[in-house]
Amino acid sequence: MKIKVTVIVPVYNVEKYIDKCLDSLVKQTLKEIEIIVVNDGTKDNSQEIIDKYVKKYPDKVKSFIKENGGQGSARNYGLEKANGEYIGYVDGDDFIEKDMYKKLYNKAKELNYDIVVCGNYNVSEDYKTRNIDVFINNYNTDLENILFGKMAVWNKIYKKDILINNKLEFKEKVWYEDLAFTLKAIINSNSYAFVDEPLYDYLIREGSTMNNSNVKRNLEILEAFDDILLYIKKNKKEEYLNKIEFLAIDHI
């Protein structure tokens with residue numbers, strides 16, 4: 001069977017949430033899917049839950065265990081094992097709507113798009129409230145829409161060839177690894193498409209990377225922009241410079 005989408009799930013201390021996450025993945029309406037779960041040296045009982053899914057869905061769920069290296073490291077490891085035409089990323093504490101990957105993949109195949117983006121819900125930790133995150137802005141072009149939209153990796157699918165051919169990797173043991181990775185993927189892609197509905201459920205929880213007051217770690221966003229600006233100059237993609245500079249000011 002040809003794998004249409006590989007979903008990479010990094011797992012670290014998410015035993016409270018991983019069941020709901022994997023359940024939403026194995027029930028996807030897109031059947032030609034593989035789920036690569038990377039245990040990044042978790043210290044809780046997440047692996048026992050993962051093993052349960054591997055046993056029940058051996059053709060769909062693949063489990064790997066590695067030493068702790070951070071979320072970026074786990075995602076890089078997962079990409080090495082991926083067989084899909086497109087790559088998606090889901091965090092172990094989140095979950096997705098049952099037709100997310102079918103809708104994204106079908107949109108991708110309409111005109112052979114390199115990246116397809118969807119909207120998301122923000123979900124409270126007790127799962128009791130769920131609000132639609134603002135998604136598509138009224139900018140002039142698809143490029144501006146994707147650049148000035150959400151810089152997460154989890155609300156997108158990427159053509160695997162783009163990632164492999166351009167040797168795109170997540171920086172390891174840093175915050176904001178999504179930002180630099182996504183910008184590099186956009187810069188190396190020729191076409192983008194949008195499914196304008198919320199299909200990803202992002203859990204807002206205490207202590208997560210994006211919900212914190214760690215000022216020192218938050219300043220790593222500057223390093224992420226330094227990295228992307230260096231990449232632009234090195235790869236002679238100066239036409240993106242003004243937009244990235246605007247994006248940096250906007251984020252800061």
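Predicted model: local features only at pLDDT ≥ 70, side-chain atom pairs only at ≥ 80, totals over all residues.
Start with the whole chain. Counting rings of Phe, Tyr and Trp whose centres lie within 6.5 Å, the model has 12 aromatic pairs.

Select Y53 and Y57. Their ring centres are 6.2 Å apart and the planes meet at 15 degrees, so this pair is stacked. Now colour the two residues by accessibility. Y53 has 7% relative accessibility and therefore counts as buried; Y57, at 23%, counts as partly exposed. The cut-off that separates them is 20% relative accessible area, under which a residue is buried.

Next, select Y89 and F170. Here the centres lie 5.3 Å apart with the planes at 85 degrees, so the pair is edge-to-face. Show the secondary structure as well: Y89 belongs to strand 4 (residues 86-89), while F170 is in the loop between helix 6 (160-165) and helix 7 (177-187), so the contact ties together parts that are 81 residues apart in sequence. Y89 is buried, at a relative accessible area of 0%. F170 is buried too, at 3%.

Y89, Y158, F170 and F181 make up one aromatic cluster.

The charged end of R75 sits over the ring of F170, 5.0 Å from the ring centre.

For the last stop, select Y121 and R130. The ring of Y121 has the charged end of R130 over it, 3.7 Å from its centre.

Conventions:
Residues numbered from 1 in each chain as written. Heavy atoms only, no water. Phe/Tyr/Trp six-rings, centres within 6.5 Å; stacked < 30°, edge-to-face > 60°. Buried < 20%, exposed > 50% of the residue type's maximum accessible area, 1.4 Å probe, protein only. Helix = DSSP H or I, 4+ residues; strand = E, 2+ residues; numbered from the N terminus. Lys NZ or Arg CZ within 6 Å of the ring centre and 35° of its normal.
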